[in-house]
Amino acid sequence: MRVSDRPRLETASLVLRAFAPSDAPRIFALSQEDGMRKWLSNQVYRDEAHAASVLAFLAAQYRADIDLEASPYVLGIELKTTGELVGHVGLSPLRGEVEIGFAVAQAHQRKGIATAAVRALCEWAAEKAPTTRILGIAARQNSASQRVLVRAGFQRQAETEMLFQGIEQPVMVFAYAPQRQSDQ
């Protein structure tokens, strides 16, 4: 892939960008944080080599004609002011629909970063695939992620039990409901 074809979205304070091999140490470190271990256990990596292999897989998915219902599309979240990689946000196939996932380093939580990143990626996806429904799923106990989804434009759909992060557990299901021009 040419550098000019690599995905990049921007908000006022963030750059959502393609992962690079040099991101592996930071992504590994993020995967070791308590919040990641608790809420995103399937994204905890054994070592930097494991993180690098996952990033290589994700980078191989970047292409202009991506089918969001068939391939994951995950971007790094970088602060514009410092260039620091502080998390990730991505879309993954989920039974004919698309699920958004996100994580932000503990030191950068409660600053609106996750909300801005989720909103930006959902707006991009809604333009790219307007008929695709985007879901947000959070463990019932994970109220912080639920608040991010609501602030990013999702509406609660259901509470159910499902296999989530490798274990059967109660979850809250949200659906993205973008603001129409007449709603604003």
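**Entry: ground rules.** I am reading a predicted model, in which local features need pLDDT of at least 70 and side-chain atom pairs count only at pLDDT 80 or more, while totals for chains, interfaces and linings use all residues. Residues are numbered from 1 along each chain as its sequence is written, and side-chain values use heavy atoms, with hydrogens and water left out.

**Entry: confidence.** I checked pLDDT, the predictor's confidence in each residue, from 0 to 100. Its mean for the protein is 89, and 93% of the residues reach 70 or more. Confidence is lowest in helix H2 (residues 34–39), at a mean of 83, and highest in S2, at 97. I noted that helices (H or I, at least four residues) and strands (E, at least two) are DSSP runs, numbered from the N terminus.

**Entry: the sheet.** I found eight strands in an open sheet with mixed pairing, in the order S1-S2-S3-S4-S5-S6-S8-S7. Two strands pair if DSSP finds at least two bridges between them. Strand S1 (8–10) and strand S7 (154–164) are the edge strands, each pairing on one side only. S1 is joined by three bridges to strand S2 (residues 14–17), and these two run antiparallel. Leu-9 has Leu-16 in S2 as its bridge partner.

**Entry: the S7 and S8 hairpin.** I went back to the strands of my opening question. Phe-164 stands opposite Ile-167 in S8. Two residues lie between the strands of this hairpin, where Gln-165 takes a positive phi near 55°.

**Entry: helix H1.** Which residues of helix H1 (residues 24–31) are buried? I list Ala-24, Ile-27, Phe-28, Leu-30 and Ser-31; buried means under 20% relative accessible area, exposed over 50%, partly exposed in between (1.4 Å probe, protein chains only). Seen down the axis of H1, they fall within an arc of 160°, so they line one face of the helix. The arc is that of the directions from the helix axis to the C-beta atoms. The buried residues of H1 pack against H2, H3 and S4, contact meaning heavy atoms within 4.5 Å.

**Entry: Ser-71.** I located Ser-71 in the loop between helix H3 (48–60) and S3. Ser-71 counts as buried because its relative accessibility is 8%. Its side chain and that of Arg-63 are joined by a polar contact of 3.3 Å.

Key
Polar contact = N/O pair within 3.5 Å; in protein donor to acceptor, adjacent residues only side chain to side chain.
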